Amino acid sequence: MRRSIGYRCAMSSGRFCYLCGAVTEELFHGLCSPCFLGEKELASIPPRISVSLCRGCFRYYSSGSWVDGGESLTGFVETVGRKEALSHVSKELKDPSVDVEIKDIKEKGKGLSVELELHVSGTTSGLEYRQTLNTVLQIKNVTCPDCSRRSGGYYEAIVQLRSEQLDDTVTKFHEQIGRLYARDKQAFIVGETLVKGGVDFKLGSAKAAKTVATYFKSHYKAVIKETASLVGRKEGNDIYRITVLIRI
Ligand SMILES: [Zn+2]
Ligand SMILES: [Zn+2]
């Protein structure tokens, strides 16, 4: 009787769950809803997840690139935990969502060890589904290539900013670099020298130097002059450093 799938009980309008024998109005693949959901493991997560986090720019390394880690450590931990859990849920789980609970944070070696409890929910065959997962997120503190260049004083461009209203122009320059840095972590300033008639900046990115020059050209009708000089060779390629003059 327990295994007669979908057997209609003569004494009631219900059917028998073949696993627990409960009489129910609706069967899901021959099972009552608690048995049907209990049989399923629609979510999973590895017991340990390792992630490298740059403490200079707060980006983490994920499938080949450095991804913005957000505003805070808890926000970062939640983002990584949620992403990891969602990448492992079964296609059977519809509209999956994950609540991340931080159980414990410990310092470990050169990083942090964070215990997480993840509450996965969604629907399957029209039924509400919930599952709790546990994992430990191991955060390794590292320095990304951009931040390591920055601390090493690396620069690709010298920007010579010349202006009659130097204070305003320098403020605008910093604003623009700040905006570029949000997207490109090589758009940093490693040197700033006051010279006659203006300021010379050393910039980590030649592209950023060109972008900022274009900005001053279109907004302040600045005159731009760009020159390049050979500074060396690396792996058979000539390495140039550019100098961009921005005169307002
Ligand atoms: Zn059952
Ligand atoms: Zn970094």
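Student: Donors are N, O and S atoms within 2.8 Å of the metal (3.2 Å for Na, K and Ca), so how are the donors of the zinc ion (ligand 1) spaced along the chain?

Tutor: This is a predicted model, and in it the donors of the zinc ion (ligand 1) follow the pattern C-x2-C-x11-C-x2-C along the chain.

Student: Which residues are they, then?

Tutor: The zinc ion (ligand 1) is held by the SG atoms of Cys17, Cys20, Cys32 and Cys35, at 2.2 to 2.3 Å. The angles among these 4 donor atoms are 105 to 114°, and the site is tetrahedral.

Student: Where in the chain are Cys17 and Cys32?

Tutor: Cys17 sits in the loop between β1 and β2, whereas Cys32 sits in the loop between β2 and α1, and with 15 residues separating them the pair links distant parts of the chain.

Student: Is Cys17 buried or exposed, and what about Cys32?

Tutor: Cys17 is buried, its relative accessible area being 0%, and Cys32 also counts as buried because its value of 6% falls under the 20% limit.

Student: OK, what about the zinc ion (ligand 2), which donors does it have?

Tutor: The protein donors there are the SG atoms of Cys54, Cys57, Cys144 and Cys147, which lie 2.3 Å from the zinc ion (ligand 2). This site is tetrahedral as well, with angles of 105 to 112° among its 4 donor atoms, and in sequence its donor residues are spaced C-x2-C-x86-C-x2-C.

Student: Why does the pair of Cys54 and Cys144 tie together parts that lie apart in sequence?

Tutor: Cys54 belongs to strand β3 and Cys144 to the loop between β8 and α3, so this pair ties together parts that are 90 residues apart in sequence. Cys54 is buried, at 0% relative accessible area, and Cys144 is buried too, with a value of 0%.

Student: What happens in the hairpin of β7 and β8?

Tutor: That hairpin has 2 residues between its strands, and Ser125 takes a positive phi near 50° in it.

Student: New topic: which residues of the largest nonpolar core touch the most other members?

Tutor: That core has 25 residues, and the ones touching the most other members are Phe76, Val77, Val114, Val120, Leu137 and Ile139. Two or more residues are given to this core by each of β3, α2, β6, β7 and β8, and the largest share, 5 residues, comes from β7.

Student: What does Val114 touch?

Tutor: Leaving out residues up to four places away in sequence, Val114 touches Val77, Ile102, Asp104, Ile105, Thr135, Val136, Leu137 and Ile139. Apart from this core lies another one, of 24 residues, with Ala157, Val199, Leu203 and Phe216 among them.

Student: And in what order do the 5 strands of the open sheet come?

Tutor: The order is β10-β11-β9-β13-β12, with mixed pairing. β10 and β12 stand at the edges with a single partner strand each, so one side of each has no neighbour in the sheet. Neighbouring strands are turned by 15° against each other on average, direction ignored.

Student: How many bridges join β12 to β13?

Tutor: There are 11 bridges between β12 and β13, which run antiparallel, and among the paired residues are Lys234 and its bridge partner in β13, Asn237.

Student: Which strands does helix α4 touch?

Tutor: Helix α4 packs on the sheet and touches β9, β10 and β11, its direction making about 15° with that of β11. Helix α5 lies across β9, β11, β12 and β13, and runs at about 20° to β13.

Student: Last one: where is Pro46?

Tutor: Pro46 is in the loop between α1 and β3, and at 27% relative accessibility it counts as partly exposed. Not counting residues up to four places away in sequence, Pro46 touches Glu84, His88, Asn134 and Thr135. Pro46 and Leu137 are 91 residues apart in sequence, and their C-alpha atoms are 9.8 Å apart in space.

Terms used. Residues numbered from 1 in each chain as written. Chains lettered and ligands numbered in written order. Predicted model: local features only at pLDDT ≥ 70, side-chain atom pairs only at ≥ 80, totals over all residues. Heavy atoms only, no water. Core = buried A, V, L, I, M, F, W, Y, C linked by side-chain atoms within 4.5 Å. Buried < 20%, exposed > 50% of the residue type's maximum accessible area, 1.4 Å probe, protein only. Helix = DSSP H or I, 4+ residues; strand = E, 2+ residues; numbered from the N terminus. Contact = heavy atoms within 4.5 Å. Pairing = 2+ DSSP bridges. Tetrahedral: all angles 85-135°; square planar, octahedral: opposite > 155°, others 65-115°. Axes fitted to C-alpha atoms, helices over the stretch in contact; angles between N-to-C directions.
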